[in-house]
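Me: I am new to this structure and would like to learn how to read it. Can we take one feature at a time?

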Amino acid sequence: MKIQRKSLTAWLVATTMLATPGFAAGTHPVTGDALADDQTFTYRILDEHSSVDPQVVEDVTGSELVRDLFEGLMNQDAEGNLVPGVATGFAANDAKDVYTFTLRDNARWSDGSAVTAHDFVYAWQRAVDPELASPYSWFMELMSIENASAILAGEMDVSTLGVAALDDHTFEVTLTTALPYFPQMTTHATTFPVPRGVIEAHGRDWTKPGNIVSNGAYVLTEHLPNERSVRERNALYWNDGDTILEKVVALVINDENVALTRYMAGELDRTEIPSGQYPRLSQSNPDETTVFPRLCSYYYNINMTETGNPALQDARVRQALSLTLDRDLITERVTASGQFPAYTFTPEATAGFNVPNVDAMNMTQAERDAKAKELMTEAGYADGFDVELIYNTSEGHKRIAIAAGQMWKQKLGVNVTLANQEWKTFLETRGNQDYQIARAGWCGDYNEASTFLDLVNSASNYNDSAYSNPAVDEMLANAKLMDDASAIYTEVEQIIAQDVPIIPIYHYTGAYMMDTDLANWPIGNVEQNWYSRNLYKRAD
Amino acid sequence: MAFAANAPSVAKGRSLWGDARIRYLRNRAAVLASCVLVLLIAFVLIGPVFAQYSIEEIDWGIMGQAAELGKPTLANGHFFGADDLGRDLYARTLQGTTTSLMVGLIGASVALVVGTAYGAIAGYVGGRTDNIMMRIVDILMAIPSTLVIILLMVIFERSLIMIFIGLGLTGWLTMSRVVRGQTLSLMQREFVEAARASGVSDVMIIWRHILPNLLGVVIVYASILVPEMILAESFISFLGLGVQEPNTSLGALIAEGAGTMAYGTLWQLMIPLSFFMLTILCMFFIGDGLRDALDPKDR
Amino acid sequence: MFRFILNRLIYAVPTMLVMIVACFVLMHVAPGGPFTSERPLPPQVLANIEARYGLDQPYWKQLWDYIANIVLRFDFGPSFQYKDRDVNDVIAQGFPITLTYGVLSFIAATTIGISLGLLAALRQNTLADYLAVGFSFVAQVLPNFVMGPILILIFTLHLGWLPGGGWYGGQWQYLIMPVIALSTSYMASIARITRSSMLEVLNSNFIRTAKAKGLPTHRIVVQHALKPAMLPVVSYLSPVFVYVITGSVFVDIYFSTGGLGQAYVNSALNRDYSVLLGTTILYGGLTIFFNLVTDLLYAWLDPKIRY
């Protein structure tokens, strides 16, 4: 009996081995990696996406889906550089306010019809249509397209938008001002084409699987809200020959620890590393942990208005608080996923940004602490003061706030009261300057320093510190008109380091657990604009 | 026969409460549970004297390395180990137990008193009053408590009292339904009908005849409410109304420990969970003991 | 009986109205709105969005339109958060899921809970009693947020028997953990209430009389004690049933089931006004309905009860 079973097993093994080459899906054309038979990529998302309608989507997870389902004029490569999408290329006039895109003639919708310049005209008009009320319609204003603002305000008809289809394959955009980085902005989901006929036939239901028609490398085949969504390879995509992944599955898992458990059980190919767990996981599973810089800053807002803390109206006190915050300790021991200690608001990874030489960077923590004590004494707060720090409810924010509170308390005698708030309440409180110090985070909309520094402009909607410095406002206005404004950005950062309307703490990293089979993740793309059609699964 | 329910028949001159006390003291499990609870309370009140750290102090050497350096040990003074930030779990567990005991006991008492009074009145008066009172309960059950708690937080200052109000707002609803159901049934018993016929006032009937017969169910339900209240506190804290850092509660400590239980810091879950279980275990036995002791028929 | 039911149905209408108005007022008073976000929208964009969803109308008009749309068209409006869907979609998708695992959990909790409670009461102070009490104790003190992750750690990671989450149309292997997690704590409460109530009934005079007449114990229990003993259990079960079938948010969170519980809690946190109102109406309607059923059950359990 025993022998028999053994030989049976041996026979099974032998036949499997013989059969294996026949089943293999082949090798990757560039890297030569052997490809896995099952080309399904399963990843975790924190929350249900808001929409997959390009003009309606507003969240990161939704945009990831939209980039797979639809394709705009231009795409990004693994490093974030511009590469052709539906457009094979573009030309600008000398004034750089009229851009002409040439569309490829083999682009198809998933129902077989051709993707034309008219689809782009329809989509872009739809994006500014007050009736649709796209939450990203401001992005079209930011793109400075002619008449976008007036249409949004309801003063002009959508047909007057500065876009035109010169013929089926030529799309022309007229801007109100010269915008050198305009083509970069066409990688944003809001600018992607949508199928007019399908939208008119189904109304709001057009994005449901079965109804949806898209022009990207994948089509949406299943969507079970708060459970999962599935997108499958679109055979009609113009570059389908280069697509390797057959199927991409996004699973909604709210709890990051449960997500990690399910990753460990082999149910996921990618998940986020829970806060503080990177050191342990990089020891136990060194091949699967991935960390890379992102275009995001974590910082504290200081309320600069009279509703804020009186002690914090003194720049020296703000400087002292900033100096005593031990960023190395926070990034190494609290967040612990390779985050970069931040002394400037703009991340170092931002394109064309030269990190200024801020004094604090060159000191040891002991020197910073000593300097801070001096500043507090000068300002008349040698014995500290009472202050409240608010943050939105989250384990990660809580840990940082606790550490910061203890640093201030132990080094400066500042008595910190912590208070968490539920998200919407928190936004309201912070937006109304009804706080003293508040946690904040910001991710760049595009890869340029102004996406960060505009936040300290006194006119900015996002300036929650209510910081107002006419010199800074003027410099930022000038920067808009220059080809290379990096010198100005550096100077603004130096002013911020002196005035401290915000205390930068760290620059984010992406920290993933990623199956070793999954290849080609674009870790060099700081905006994390990834496309499933560039990924593939290696054979074990 | 019917009146026997409330008339002491074992020894004349002994009150209901005196009887109950004797019967309670005869119940070994209940007495033991009471002793343990008293010891537990004494420990959380006196224990902090021996703590080597305050609840908020960060042990910088342990921060971020709790799995290796933060184990429970006598050597470094962290008797119950440390949390991920290097804060002393001994001090924090004791403080959290104090908070949660208060939340559980006061919250359940509020629910018990309000729910019993409301349910007994609705059931006793009956008719349209009952209908309207119970429809109000329906409405309160359906209104999203998340919004109510958020509003409480915005309108009032954060404080421990607001937690009791937040918990009390929802806790009494089911209790009132249970009590009303029992009252409806009790109303039809001979002894209540007899009391009414002999002209005893409504208040006296509720007090002397209805309430004593409700106690069994009410006490058991209250002992179920205690753990519910303690855990509900962590949701209220999530919204921002409840206990704020550096203060803590058992619910918060257990939730924190549960999040990291797979990462080699199991004591962060087990220690607060043990305190929670011990508390609830005591409550259960005391509840059952009280029920048996106060049951007017049980002799 | 018919008049009683009719009377209650008439009462249900103003009750629902008060519920809607109260919820409407609360959500508009609560800080932040559906379109409050980390990046505040430019005023013009916000104005367009508010106009699209009718939020620029006076409150009374919004409320009137809302109720009129429900009554005339059974239309609960579009979701403000999930812009591809409307409230009917959200409920049609989430409710069947929640109903499935909810009803299964309810059946498990009541059958096992009542059996354990009866066993403990009839064998008071024996090993069976202690085991039943001990089990219900452990089931009760393991909080949901400990139970969920532990089940996944054991059954998914260590044993590899069950998938860690998802719904997949309600296949059995996706149902087991949600039902265990949801039913245990109710099971424990039901067992405790049953035990206590049964003990009380067994000690009451009419049971003693029956015993004195020499009736066998099982006949006494089945014929005389069971129905009155179930009264408090039934009072407790009605709200539990509504809680369970409208969804428990922690089940959806830990097991990614996609049920209505998560939609409900998220709608409050996201200030998704229409979904919040829609789920509240569903929740309120079920509460009213099952409280009526409870009252009818009372009359059946204790025929003397008159309303």
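Me: How many salt bridges does the rule find across the interface of chain C and chain A?

Reply: This is a predicted model. Across the interface of chain C and chain A, the rule finds five salt bridges. One case to look up is A:Arg204 with C:Asp86, where the closest N and O atoms are 3.4 Å apart. The cut-off for such a pair is 4 Å. Polar contacts are listed as well: 25 residue pairs across this interface, both residues at pLDDT 80 or more.

Me: Which helices of chain C supply residues to the side that touches chain A?

Reply: At least two residues each come from H2 (43–52), H4 (87–122), H6 (144–158), H10 (249–255) and H11 (260–270) of chain C. H2(C) gives the most, with six residues. By type, the side of chain C that touches chain A divides into 21 nonpolar, 17 polar and nine charged residues.

Me: What is the area buried between chain C and chain A?

Reply: The figure is about 4200 Å², and carbon and sulfur atoms give 51% of it. On the chain C side, C:Glu38, C:Arg39 and C:Asp84 lose the most area to chain A, together 19% of what that side buries. As for residues in the contact, 47 come from chain C and 50 from chain A.

Me: Where is the cis peptide bond, and what is its omega?

Reply: As background, most residues other than glycine have a negative phi, and most peptide bonds are trans. Here a cis bond joins B:Glu245 and B:Pro246, with omega about 5 degrees. B:Pro246 lies in the loop between H9 and H10 of chain B.

Me: What is the phi of A:Lys96, and what is that of A:Ala466?

Reply: Phi of A:Lys96 is positive, near 55 degrees. This residue sits in the loop between strands S4 (87–92) and S5 (98–103) of chain A, and is partly exposed at 38% relative accessible area. A:Ala466 is not a glycine but has a positive phi of about 55 degrees. Its place is the loop between H15 (450–453) and H16 (470–480) of chain A. A:Ala466 is partly exposed, with a relative accessible area of 27%.

Note on methods. Residues are numbered from 1 along each chain as its sequence is written. Chains are lettered from A and ligands numbered from 1 in the order in which they are written. This is a predicted model: local features need pLDDT of at least 70, side-chain atom pairs count only at pLDDT 80 or more; totals for chains, interfaces and linings use all residues. Side-chain values use heavy atoms; hydrogens and water are left out. Contact means heavy atoms within 4.5 Å. Buried area is the accessible area (1.4 Å probe) that two parts lose on being put together, summed over both. A salt bridge is a side-chain nitrogen of Lys or Arg within 4 Å of a carboxyl oxygen of Asp or Glu. A polar contact is a pair of N or O atoms within 3.5 Å; within protein, one must be able to donate a hydrogen and the other to accept it, and residues adjacent in sequence count only if both atoms are side-chain atoms. Helices (H or I, at least four residues) and strands (E, at least two) are DSSP runs, numbered from the N terminus. Ala, Val, Leu, Ile, Met, Phe, Trp, Tyr, Cys and Pro count as nonpolar, Asp, Glu, Lys and Arg as charged, and the others, Gly among them, as polar. Buried means under 20% relative accessible area, exposed over 50%, partly exposed in between (1.4 Å probe, protein chains only).
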